[in-house]
Amino acid sequence: MSAASGQDEYWRQAAAEYGPAMERLAWAYEADPDLRRDLIQEIHLALWRSLENFDARCSLRTWTYRVAHNVATSHVIRQKKRRALVFLTLEEIEAQPAPQNVEESADRQQARARVLALVQGLEFLDRQLMLAYLEGLDAESMSQITGLSAANVWTKIHRIKNVLVRQFHSGGSDAQ
Amino acid sequence: MRSDYLPDDLRRLWQELALNPVQVSADDLRREASKLRARLSLRNWFVAGVCCVIIAAYGFFFFRSKTALERIGSALSIAGAANVIVQFLKRPARTMPSASAMESIRFYRAELERHRDFHRGKGIASWLLPGLPGPIIFNIAFALDRPIFAPIVGLQLAAFLMIAALVVPLNLRMARKYQRRIDALDAWR
């Protein structure tokens, strides 16, 4: 297999298996539809280029997530320079007022939109970890992607998750 | 009910997000990569072209100037423009999306450092600063030899100093902002 066809083959495999996860990642990082489309294309391009050097020392999944997160990182830093984006710390999220139409969110679609809004509002690094968690990655994979220790990953995930769940449920339980 | 959604449901909710996947093929990516490479190459040639015009203009003044100070200014300007070409070709600014598969936190820190250093003028200093003394000396020499142009040259220098007085502190402020984010990241880890 030539280097170019190997690169194409790896990219096809990554796009097929992790394409939806990359799209969700782009949703979490970019709310503007046009910019999000650009970001997704940028992720694919960067991934395709990077796979020229893929040596299978880590799994294709870890490699793909690293590249996707890194492209999104550059995108966020670049966009932050151009326009003010609202990213909230966990404390700020907890202090956010719950929406009035709490019961309406019984609708699953609204619940999904709410999860997305909560993830989009997370501070950058918390969001990176939460995304990996929501995609179903284990602590070892998250550790390989981020460079944090597995124990540190779980401590942080636990904290972020608790805040998100409390925020997600807040208002609902108060109203009952 | 919202309270029915437990952490595992959050995962499911997330993974259910309705998406319209962007359709791209390896050939599309290859085409896009060559387009970006072509754009980068065009930009490099443009900068090199502008610098060549500057070199030609100051080369002309070097041979036609009447005073030694003007010749010194011309020679320094030529050297400054040549330095820009060398620096630009040696380390072109990034236009291709980053293809790094580095651990994401390390990558984030490296990006913050890159932006901090940019605002501290690390890159610009090596490009522009060596190019500044030449035109300044040349303009002063030009004004000394032709007093009629002295007010214009004086205005130019004053404008330059005013812009520098605004731009430098603003950039240093941005650099401090990035440093604070680096410190926060280190504390977060």
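## Interface size

Buried area is the accessible area, with a 1.4 Å probe, that two parts lose on being put together, summed over both. In this predicted model, the area buried between chain A and chain B is about 5500 Å². Carbon and sulfur atoms give 63% of that area.

The contact involves 68 residues of chain A and 51 residues of chain B.

The rule finds 1 salt bridge across the interface of chain A and chain B. It joins the side chains of Asp8(A) and Arg30(B), at 2.4 Å from N to O.

Several helices of chain A each supply at least two residues to the side that touches chain B. They are H1 (3-29), H2 (33-50), H3 (60-82), H5 (108-121), H6 (124-134), H7 (139-146) and H8 (150-169). H3(A) gives the most, with 11 residues. By class, this side of chain A has 30 nonpolar, 19 polar and 19 charged residues.

## Second largest pocket

The second largest pocket has a volume of about 730 Å³. Its lining counts 26 residues. Nearest its centre lie Ile124(B), Leu128(B), Leu129(B), Leu132(B) and Phe160(B).

Helices of chain B that give two or more residues to this lining are H2 (26-64), H3 (68-90), H4 (104-119), H5 (122-128) and H7 (150-188). H7(B) provides the largest share, 7 residues. The lining divides into 19 nonpolar, 6 polar and 1 charged residues.

Note on methods: Residues are numbered from 1 along each chain as its sequence is written. Chains are lettered from A and ligands numbered from 1 in the order in which they are written. This is a predicted model: local features need pLDDT of at least 70, side-chain atom pairs count only at pLDDT 80 or more; totals for chains, interfaces and linings use all residues. Side-chain values use heavy atoms; hydrogens and water are left out. Contact means heavy atoms within 4.5 Å. A salt bridge is a side-chain nitrogen of Lys or Arg within 4 Å of a carboxyl oxygen of Asp or Glu. Helices (H or I, at least four residues) and strands (E, at least two) are DSSP runs, numbered from the N terminus. Ala, Val, Leu, Ile, Met, Phe, Trp, Tyr, Cys and Pro count as nonpolar, Asp, Glu, Lys and Arg as charged, and the others, Gly among them, as polar. On a 1 Å grid over the protein atoms alone, a cavity is a set of points where a 1.4 Å probe fits but cannot get out, and a pocket is an open set with protein on both sides within 12 Å along at least five of seven lines; lining residues have an atom within 4 Å of a point. Grid points are joined across faces, edges and corners, and a volume is the space filled by probe spheres set on the points.
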